[in-house]
Amino acid sequence: MLNVAVLISGAGSNLRALLDAADEPDYPAHIVAIGADRDADGLQHAADFGIPSFSVPYRAYASRDTWGEELATQLRAWSPDLVVLSGLMRLLPENVVAEFGPQIINTHPAYLPEFPGAHGVRDALASGAGQTGASIIQVDDGIDTGPILAQERVAIEPGDTETTLHARIKPVERRLLIDVVRRIATGDIDLS
Ligand code: GRF
C-alpha cells in the first residue's frame, strides 16, 4: 500500500477526488496526511475523511527556506512514499525537493510545457489557442519543468472564461491524477 501525503492551497477539489478514489477497497494507495501552506478550505476534506492534516502558513515564516524546513518536518512525521502537490500554489523549497524527491508529483491545468506557472488556465485563454490540457508531472527544482507522467488535451470553447475553462480541465486532471497515483503504487510508473 502506497502511503501518500497531499499538499494543497485551495478548495482541494482535486484532493477530494483522490480521497474518494483511495476510499475504494481495491485502490493501492492510502492518503496518510494532508498539508497546506495556509488555512486552506480544502483541509475540511481531511476532517471529513478523518485524515490527519497540518497547516504551515507561509506568511508565518521569515523565508521560503525556514518555511520549507517546517514543511519537511511535518511531512517527515508521516513517512510518505509519495508527496502529491494538488493545487499547492507555492514553489517547493530545494530542501523539500531534495528530501522527498523524486517521489513528488504535481498536477497542472495546462498541457506542459505549454503555460507553466501559477496562471496556466488564464495564460492559455489569453493566448487564443483552441486547446489546452492537463498534466501530471514529476517535481524537480524548476517551475513545472519535471518529467511528464501523463497529460491530455482539453478544448478551449468560444466564450470560455477562466472559470469555465478551469472547470472543464479539472475533471481531466482528477482522472489523470488518480490513474498516475495508482500506476506509481503498482510499480507501473517508476519515479526513481
Ligand atoms: C488545480 O487545477 C491545480 O492544477 C491548480 O489549481 C487547481 C487547484 O484546484 N494548481 P483545487 O484546489 O484542487 O480545487
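This is a predicted model: local features need pLDDT of at least 70, side-chain atom pairs count only at pLDDT 80 or more; totals for chains, interfaces and linings use all residues.

Let us look at a few residues in turn, starting with Ile 34. Setting aside neighbours within four places in sequence, Ile 34 is in contact with Val 6, Ile 8, Leu 15, Leu 19, Leu 43, Ala 46, Ile 51, Pro 52, Ser 53 and Phe 54.

Leu 43 has a relative accessible area of 12%, so it is buried, the cut-off being under 20%. Beyond the residues up to four places away in sequence, Leu 43 touches Ile 8, Ile 34, Gly 35, Ala 36, Arg 38, Ser 53, Phe 54 and Ser 55. Of these, Ser 53 is 10 residues from Leu 43 along the chain, and their C-alpha atoms are separated by 6.9 Å.

Now find Val 84 in strand 4, residues 82-85. Is Val 84 buried or exposed? Its relative accessibility is 0%, so Val 84 counts as buried. Apart from neighbours within four places in sequence, Val 84 is in contact with Val 4, Ala 5, Val 6, Leu 7, Ile 105, Leu 177 and Val 181. Val 84 and Ile 34 lie 50 residues apart in sequence, while the distance between them in space is 9.5 Å, C-alpha to C-alpha.

## Helices packing on helix 6

Two helix pairs are worth a look, and both involve helix 6. Helix 1, residues 13-22, packs against helix 6 at an angle of about 45°, and the two axes are 9 Å apart. Helix 1 and helix 6 are therefore oblique to each other, and their crossing is right-handed. On the helix 1 side, the contact is made by Ser 13, Asn 14, Ala 17, Leu 18 and Ala 21, and on the helix 6 side by Lys 170, Glu 173, Arg 174, Leu 177, Ile 178 and Val 181.

The second pair is helix 5 and helix 6, whose axes come within 9 Å and cross at roughly 115°. This crossing of helix 5 and helix 6 is right-handed. Here Val 121, Arg 122 and Leu 125 of helix 5 meet Glu 162, Leu 165, His 166 and Ile 169 of helix 6.

## One face of helix 5

Which residues of helix 5 are buried? In this helix, which spans residues 120-127, they are Gly 120, Val 121 and Ala 124. Viewed down the axis of helix 5, the buried residues fall within an arc of 100°, so they line one face of the helix. An α-helix has 3.6 residues a turn, so residues three or four places apart point the same way. The cover over the buried residues of helix 5 includes strand 5 (104-108), strand 6 (131-138) and helix 6 (162-185).

## Backbone details to look for

Most residues other than glycine have a negative phi, and most peptide bonds are trans.

| Site | Backbone value |
|---|---|
| Gly 101 to Pro 102 | cis peptide bond, omega about 0° |
| Leu 112 to Pro 113 | cis peptide bond, omega about 10° |
| Phe 115 | positive phi, about 50° |
| Gly 128 | positive phi, about 80° |
| Asp 144 | positive phi, near 60° |

Where do these sites sit? Pro 102 lies in the loop between helix 4 (94-100) and strand 5. Pro 113 is in the loop between strand 5 and helix 5, and Phe 115 is also found in the loop between strand 5 and helix 5. Asp 144 has its place in the loop between strand 6 and strand 7 (148-155). With a relative accessibility of 15%, Asp 144 counts as buried.

Notes. Residues are numbered from 1 along each chain as its sequence is written. Side-chain values use heavy atoms; hydrogens and water are left out. Buried means under 20% relative accessible area, exposed over 50%, partly exposed in between (1.4 Å probe, protein chains only). Helices (H or I, at least four residues) and strands (E, at least two) are DSSP runs, numbered from the N terminus. The arc is that of the directions from the helix axis to the C-beta atoms. Contact means heavy atoms within 4.5 Å. Axes are lines fitted to C-alpha atoms, for helices over the stretch in contact, and angles run from 0 to 180 degrees between N-to-C directions. Angles under 35 degrees count as roughly parallel, over 145 as roughly antiparallel, 65 to 115 as roughly perpendicular and the rest as oblique. A crossing is left-handed if the near helix is turned anticlockwise from the far one by less than a right angle, and right-handed if clockwise.
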